[in-house]
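Student: Can we go through this model together? I'd like to start with the helices and then jump around a bit.

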Amino acid sequence: MSASTHLPGHRQSPSSMPLVSIRLPVVWTFTGLVGGLAAGTVLSGTRALDAALQVAGPVGTLWLRGLQMTIIPLVAALLVTGIAKIIAAARAGATARRMIALVFVILLLSGTATVLLMPLLLAAFPIPPGGQALLAGGTAAAATLPSVGDFLTSFVAPNLFAAAAETAMLPLTLFFALFAVALMRLEAAQREVLLRFFHALGNAMLIIIGWVLWLAPAGVFALALGVAAEAGGGAFAAFTHYILAVSAMGLVIVLGGIVLAAVGGRIAPHRFLRAMLPTHAVAISTQSSLASLPAMLASARRLSVRESTADFVLPLAVAIFRATSPAMNLAVVIYIATLAGVDLSAPVLLAGVLVAFIISVGSVSLPGTISFVISIGPIAVTMGVPVEPLALLVAIEMLPDIVRTVGNVTMNVAVASAVDRVQPEAAATALPEPR
C-alpha cells in the first residue's frame with residue numbers, strides 16, 4: 001500500500017488528495033471461489049461435510065462482517081470528497097458545467113434503464129435452480145410496501161446516529177451529499193480542514209477493507225463450500241447466469257455511448273466503433289479507465305474531437321464519472337432480490353436509483369473489487385435486499401468488471417464528442433490529469 005504525501009501547510013484541492021493504493025489478491029480470490037465450490041461438491045453427501053461446515057461457517061461469517069463494518073464510514077468519506085471534487089470541477093467554467101450536467105443525466109438514465117430492463121431479462125431467462133444457494137445465509141424480511149408519505153419521510157432521518165445504527169442508507173446518503181455541498185460553501189481554511197479529515201477517514205477505512213480483502217481467498221472458500229454443499233454442480237450454472245445477466249446491463253451502456261456519439265457528436269456508429277477498438281483493447285486488458293486514458297485521447301483525435309475539449313473532458317470524466325456504475329450495481333441488487341423473493345415496489349426502485357446515482361460519485365477512484373462492495377452494499381440495504389451474497393459475488397467481479405470498463409471508456413469518449421459539438425471555438429482550459 002502506498003499514499004502520496006504533501007508538504008505541510010500546502011493547500012490542496014479535492015482532486016489533489018489521492019486515495020491510498022491497495023493491491024488486492026483478485027486471482028487468488030477467484031481461485032478460492034472455484035476451490036470452495038469444488039470441495040463442497042466433492043464432500044456433498046459425506047460425513048466429512050458437517051465437520052467442514054462447522055469450521056467454514058464461522059470463518060465465512062466473520063469475513064462477511066469484516067466487509068460490512070467499514071461500509072458506512074467509507075461511504076461517508078468518499079461521498080464528501082467525491083461531491084466536493086465535482087463542485088470544484090464545476091467552477092472551472094461553462095464547459096465543465098455542461099459536461100457535469102450531461103454526466104448527471106447519463107447516470108440517472110443508467111440506473112433507470114436497469115430497473116426497467118433487468119426484471120424483463122430475468123423473466124425471459126430465469127435464474128437456475130442452484131441460484132438459491134448464492135444467498136449464503138442471507139435472509140430478507142417480509143416485504144412491506146411503504147405508503148407515499150412514509151417513502152418521502154424516509155429521505156430525512158431525525159437522528160443521524162440512529163440512522164447509522166439501523167443502516168438506513170437513504171437518509172445517510174442524502175445527508176452526506178448535502179454536507180459536501182455545504183462544506184464547499186465554507187471559507188477556504190475551514191473547508192480544507194474538513195476535506196483533510198474526510199480524506200484521512202476514507203484512507204483509513206480503505207486500509208482496513210484492504211486487510212479484510214486480503215483474507216478474501218479464505219473467506220470466499222469458506223462461503224463457497226457451503227454454497228456447493230447445498231446446490232452441488234448447479235452453483236456453477238448460477239454464477240454463469242449471474243455474470244451474463246449483470247454484464248448485459250453493462251452492454252446497454254455501451255450501446256448508449258454509441259447512440260450519444262451518433263446523436264450528440266454526429267459520429268456514425270461504424271466510425272465511432274472503429275476508432276474505439278484500440279481503447280477497448282486497453283480497457284479489456286487493464287480493466288482500468290485511468291490506464292485507458294491515453295488510448296481514449298487517441299480515439300478522440302481519430303474522431304476529430306478538438307484537442308482542447310478532449311484534454312479537458314476525458315481526464316475529468318476519468319476522475320468523476322463511471323457510467324456503468326448505477327446500471328450494473330442495480331443489476332446486482334435486483335438479481336439478489338429476485339433470488340431472495342424481495343418485492344421491489346416502485347418507491348423502492350426509485351430509492352435504489354437515487355442512492356445508486358449518489359454513490360456512483362464517491363466510488364470512482366476505487367479498485368473494482370472495493371468499489372463492488374462499497375457501492376452495492378448501500379443500494380442493497382436501501383432496497384431491503386440481503387447483502388450476504390456480495391461476499392461471494394465479489395470473487396467473480398473481475399469478469400463483469402471487464403464490461404464495466406469497456407462501457408465506461410465508451411461513454412467517456414461519447415461524452416467528449418457531445419460536449420465538443422456544443423463547445424465554443426475558444427479552447428477550454430485543461431484540468432490536471434487525475435492521479
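This is a predicted model: local features need pLDDT of at least 70, side-chain atom pairs count only at pLDDT 80 or more; totals for chains, interfaces and linings use all residues.

Student: Is helix 3 mostly covered or mostly open?
Tutor: Helix 3 is mostly covered, since 16 of its 20 residues are buried, where buried means under 20% relative accessible area.

Student: And what about helix 2, what do you get for its span?
Tutor: Helix 2 takes in residues 48-68, and its 21 residues should span 30 Å at 1.5 Å a residue, which agrees with end C-alpha atoms that are 30 Å apart. Helix 2 does have a kink of about 25°, which lies at Gln 54, shortly before the proline Pro 58.

Student: Which residues of helix 2 are buried?
Tutor: The buried residues in helix 2 include Leu 49, Ala 56 and Gly 60, and also Trp 63, Leu 64, Gly 66 and Leu 67.

Student: What does Leu 43 touch, leaving out residues up to four places away in sequence?
Tutor: On that count, Leu 43 touches Ala 48, Leu 49, Ala 52 and Leu 225. Leu 43 itself is in helix 1, which runs over residues 26-43, and with a relative accessible area of 23% Leu 43 is partly exposed.

Student: How far is the C-alpha atom of Leu 43 from that of Ala 228?
Tutor: The two C-alpha atoms are separated by 9.1 Å, although Leu 43 and Ala 228 are 185 residues apart along the chain.

Student: Changing topic, where is Leu 195, and is it buried or exposed?
Tutor: Leu 195 is in helix 8, residues 188-214, and Leu 195 counts as buried because its relative accessible area is 3%, which is under the 20% cut-off. Leu 195 and Met 184 are eleven residues apart in sequence, and their C-alpha atoms are 9.3 Å apart in space.

Student: Which residues form a nonpolar patch on the surface?
Tutor: Leu 116, Leu 117 and Leu 120 form one, with about 300 Å² of accessible area together. Of these, Leu 120 lies in helix 4, residues 94-124, and Leu 120 is exposed, with a relative accessible area of 57%.

Student: What about backbone angles, what is phi for Arg 266?
Tutor: Arg 266 has a positive phi of about 55° although Arg 266 is not a glycine. Arg 266 is found in the loop between helix 10 (234-263) and helix 11 (269-286), and its relative accessible area of 52% makes it exposed.

Student: And Gln 287, what is its phi, and where is it found?
Tutor: Gln 287 has a positive phi near 55°, and it too is a residue other than glycine. Gln 287 is found in the loop between helix 11 and helix 12 (293-302), and is partly exposed, with a relative accessible area of 28%.

Student: Zooming out, how many helices and strands does the protein have?
Tutor: The secondary structure comes to 18 helices and zero strands, and buried residues make up 53% of the 435 residues. Among contacts between residues at least 6 apart in sequence, 85% join residues at least 24 apart.

Notes: Residues are numbered from 1 along each chain as its sequence is written. Side-chain values use heavy atoms; hydrogens and water are left out. Buried means under 20% relative accessible area, exposed over 50%, partly exposed in between (1.4 Å probe, protein chains only). Helices (H or I, at least four residues) and strands (E, at least two) are DSSP runs, numbered from the N terminus. Patches are made of residues with over 30% relative accessible area and no salt bridge: like charges are joined within 9 Å, nonpolar side chains (Val, Leu, Ile, Met, Phe, Trp, Tyr) within 5 Å. Accessible areas come from the Shrake-Rupley method with a 1.4 Å probe; for residues, only the protein chains shown count as cover. A salt bridge is a side-chain nitrogen of Lys or Arg within 4 Å of a carboxyl oxygen of Asp or Glu. Contact means heavy atoms within 4.5 Å. The expected span of a helix is 1.5 Å times one less than its number of residues. The bend at a residue is the angle between axes fitted to the seven residues ending there and the seven starting there.
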